[in-house]
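Here are my notes on this model, point by point. Please read them with the structure open.

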Amino acid sequence: MKQDYFILVLAHSLHGRLQRVHISHKVIYSALGCFAALFLLMFGVVGSYARMALKVANYNSLQHEAQMLRARYDNLQQKVKQTNQQLASLQVLADEVGNAYGMKKQLTGSPDLIAEAPLVPTLGQSLAEYSYLRTTNLAGRSRNLFARADSNLLPAGWPISGRLMSGFGHRSDPLSGEGAIHTGIDISAPIGTGVKATADGIVMRANWNFGYGRCVIVDHGNGYQTLYGHLSRIDVIEGQEIRQGEVVGLVGTSGKSTGPHLHYEVHVHSTPVNPYRFLSQTSAMKSGVAANEFPF
C-alpha cells in the first residue's frame, strides 16, 4: 500500500527508546522549494552586488580619465592663448613694417621698374631691420629713464580705484565656463575711468591685443612689466616714456570681456605673477631694490 509520508526513526543512545516521526511529502517538497528560493535569492543579491561593483569601478575609471582630459584641455588652451598672442604680435609688426616701407603698394610701371623689383628688401629682411632699429631706440630710452635717481620702477598701488572682481590663478572662464588660468586681476570701474601706470617705464605695446582688447604694456626694467587690458581708449604710443601715476588709457570693455573693468597683470621676466602683492606696495620702493628680494 502506497503511503504519502516518510517515517523518520529516532533512537535514544542511553535508553534505547525508538521514536517515529511522520513527515509528509508536502513538507519535504515545501522545504526543498524554500531552499531553492533562498538559493536563487542569494544568487541574485550576489549578482547585483557584482554588477554594482563593476559599475562603480567603471565610473571611477571614467572620472579619472575625464580629469586627465580636462588637464590636457587646460594645457592646450594655455598654449593656444600663447600662440594667438605671438601671432598677434607678428601681425602687428608685419603691418607696421609694411606701412613703413610701402610694401603693400603694388609695383606698377615700366618693365625696367618691374625688373628692379628684386632690389626691394624681402619681408624677412625688413622685419629684422625694423626689429633692430626699434630695439636700439627703446634700449636707449630705457637706459636714460632707468638711470634716473627719482624713478619709481617697481609696480606699486592700484591702477584705478574700484572693486576687485576676480583674482589671480585658476578659475572658471566667465564666457565658456571651462577651467582656465587667470593671469591677472580684474578691477571693476565705470567706462571712461582713467587708468594710471603703477610705475615709471617705457610703453612697449599700445594697440589691440586679441582677448585683451585695447591693451597697453609698460616695461619698467629689471624684468618687470605691467599690462592694462580691455581699455576703451589708449592715451599713449609705443616707445613713449611714462611716469608713475600718468594715464595710459580709459576703462572699457573691449576684447573678451563681460562688462566694464580693467584687467591688470604684472610680469617678472615674462612670467605672470600675482599682482595683488603689489597693490599695497608704496612708491618708496626704488629701482635699487633687487627683483630677487620679493618672493614670487
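1. Ser270 lies in the loop between E13 and strand E14 (271-273). Helices (H or I, at least four residues) and strands (E, at least two) are DSSP runs, numbered from the N terminus. Ser270 has a positive phi of about 70 degrees although it is not a glycine. Most residues other than glycine have a negative phi. At 67% relative accessibility, Ser270 counts as exposed. The classes are buried (under 20% relative accessible area), exposed (over 50%) and partly exposed in between, with a 1.4 Å probe and protein chains only.

2. Phe210 also deserves a look. Its phi is near 50 degrees, a positive value in a residue other than glycine. Phe210 sits in the loop between E8 and E9 and is partly exposed, at 47% relative accessible area.

3. A word on method. This is a predicted model, in which local features need pLDDT of at least 70 and side-chain atom pairs count only at pLDDT 80 or more, while totals for chains, interfaces and linings use all residues. Residues are numbered from 1 along each chain as its sequence is written, and side-chain values use heavy atoms, with hydrogens and water left out.

4. How far can the model be trusted? pLDDT is the predictor's confidence in each residue, from 0 to 100. The mean pLDDT of the protein is 78, and 72% of its residues reach 70 or more. Over residues 113-119 the pLDDT stays under 50, and the model has three contacts for them beyond four places in sequence. Residues 282-296 are also below 50, and this stretch has 27 contacts beyond near neighbours in sequence. Contact means heavy atoms within 4.5 Å.

5. Now the overall make-up. The protein has four helices and 14 strands. Of its 296 residues, 28% count as buried. Among contacts between residues at least 6 apart in sequence, 61% join residues at least 24 apart.

6. Which residues have the most contacts inside the largest nonpolar core? They are Val195, Val216, Tyr228 and Val248, in a core of 25 residues. Such a core is a set of buried Ala, Val, Leu, Ile, Met, Phe, Trp, Tyr and Cys residues joined through side-chain atoms within 4.5 Å. Elements giving two or more residues to this core include strand E9 (214-221), strand E10 (224-234) and helix H4 (276-279). E13 gives the most, with four residues. Leaving aside neighbours within four places in sequence, the contacts of Val216 include Val203, Tyr228, Ile234 and Val248.

7. The whole structure has two salt bridges. The term means a side-chain nitrogen of Lys or Arg within 4 Å of a carboxyl oxygen of Asp or Glu. One joins Asp200 and Arg243 (3.7 Å, N to O). Asp200 lies in the loop between strands E7 and E8, and Arg243 in the loop between strands E11 and E12, so the pair ties together parts that are 43 residues apart in sequence. Asp200 is buried, at 1% relative accessible area. Arg243 is partly exposed, at 22%.

8. The other salt bridge pairs Arg233 with Asp235 (2.8 Å, N to O). Arg233 is partly exposed at 44% relative accessibility. Asp235 is partly exposed at 33%.
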